Amino acid sequence: MLLAACGPPGGPSPSPVTPAPSVAPSVAAAPAVVEPVTAEPAAVEPAIDPAPAPPTIRGEVVLVALGPFPAAQLDAIEEHLKRYAAVDVRRLEPLALPSEAWTAKRKRYRAERLLDFLEAQIPGTPMTTRILGLTAVDISTSKPPHDDWGIFGLGNMPGQAAVVSTFRLKKKARDAAHVQRRLNNTALHEVGHTFGLDHCTEALCPMQDAEGSIANTDAANDVFGPECAAELEAGFPLRRFP
Ligand SMILES: [Zn+2]
Ligand SMILES: [Zn+2]
């Protein structure tokens, strides 16, 4: 009898009750039929309070192209970040690559200097605001023992600035959609760093270390793994911004 009261509201209809065999009812059987009816009121669920207004975003990401960069790729990144990082996205007009970040030795731009340059574009913004620069040129950082190591992207952790380059993401990509998927994943990864997320070992989490190859990026899910998602929520909870 108790099982009948546990079905979820809106679930499948209960199976038809098999009719009782038509035997002559005995006097003792009659009360057993009445019993479940009187028990029903006890199973009524308490009224649920109206849900509070749903939380909205964690912060804002300012997107900006550094040098020539396809608008369609920026549009797709914007949608990806809104959906999977739960942020608002604002766009700036494209900026020229800063000459102070250029390094002639390998014809690359130093990612740390790009981060400084980007951060200077959003002075006085709240700590929930980030700026993500997108560029098609090769970018690099120091990664011992390499003093100039080409990378997909870099983000201050935690901090306000991140940068992503398509230069290496394009290599051996099957098509434009494949490049875009890598780009979206790397943008989410670098923005994750700015929100304080370090590299993790969660299977298929976008915060896994690239470890010098594109394999993890290609395999990663769009959503953060449970540990990263919990850390993100603890540090930058979803809320309504004024
Ligand atoms: Zn990383
Ligand atoms: Zn993770």
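User: What should I keep in mind about the model and its numbering?
Analyst: It's a predicted model, so local features need pLDDT of at least 70 and side-chain atom pairs count only at pLDDT 80 or more, while totals for chains, interfaces and linings use all residues. Residues are numbered from 1 along each chain as its sequence is written, with chains lettered from A and ligands numbered from 1 in the order in which they are written.

User: How many helices and strands are there, and what makes a run count as one?
Analyst: The protein has six helices and nine strands.

User: Why is Phe195 called buried?
Analyst: Buried takes 20 or more other C-beta atoms within 10 Å of the residue's own; 12 or fewer is exposed, in between is partly exposed, and C-beta atoms are placed from the backbone. Phe195 has 24 such neighbours inside 10 Å, so it counts as buried. Phe195 sits in the loop between helix 4 and helix 5 (215-219).

User: Which residues is Phe195 in contact with?
Analyst: Contact means C-beta atoms, placed from the backbone, within 7 Å. Skipping neighbours within four places in sequence, Phe195 touches Arg58, Pro158, Leu232, Gly235 and Phe236.

User: How do you know which side of helix 3 the buried residues are on?
Analyst: The buried ones are Ala111, Leu114, Leu115, Phe117 and Leu118.

User: What makes a set of residues a nonpolar core, and how many are in the largest?
Analyst: A core is a set of buried Ala, Val, Leu, Ile, Met, Phe, Trp, Tyr and Cys residues joined through C-beta atoms within 7 Å. The largest has 45 residues, and Leu114 is among those with the most contacts inside it. Beyond its neighbours within four places in sequence, Leu114 is in contact with Leu66, Ala101, Tyr109, Gly133, Ile139 and Val163.

User: Why do strand 3 and strand 4 count as paired?
Analyst: Pairing needs at least two bridges found by DSSP. Strand 3 and strand 4 (residues 108-110) have two, in the antiparallel sense, so they qualify. Thr103 stands opposite Arg108 in strand 4. The open sheet runs in the order 3-4-6-7 with mixed pairing, and its edge strands are strand 3 (102-103) and strand 7 (146-151).

How values were computed. Helix = DSSP H or I, 4+ residues; strand = E, 2+ residues; numbered from the N terminus. Contact = placed C-beta atoms within 7 Å.
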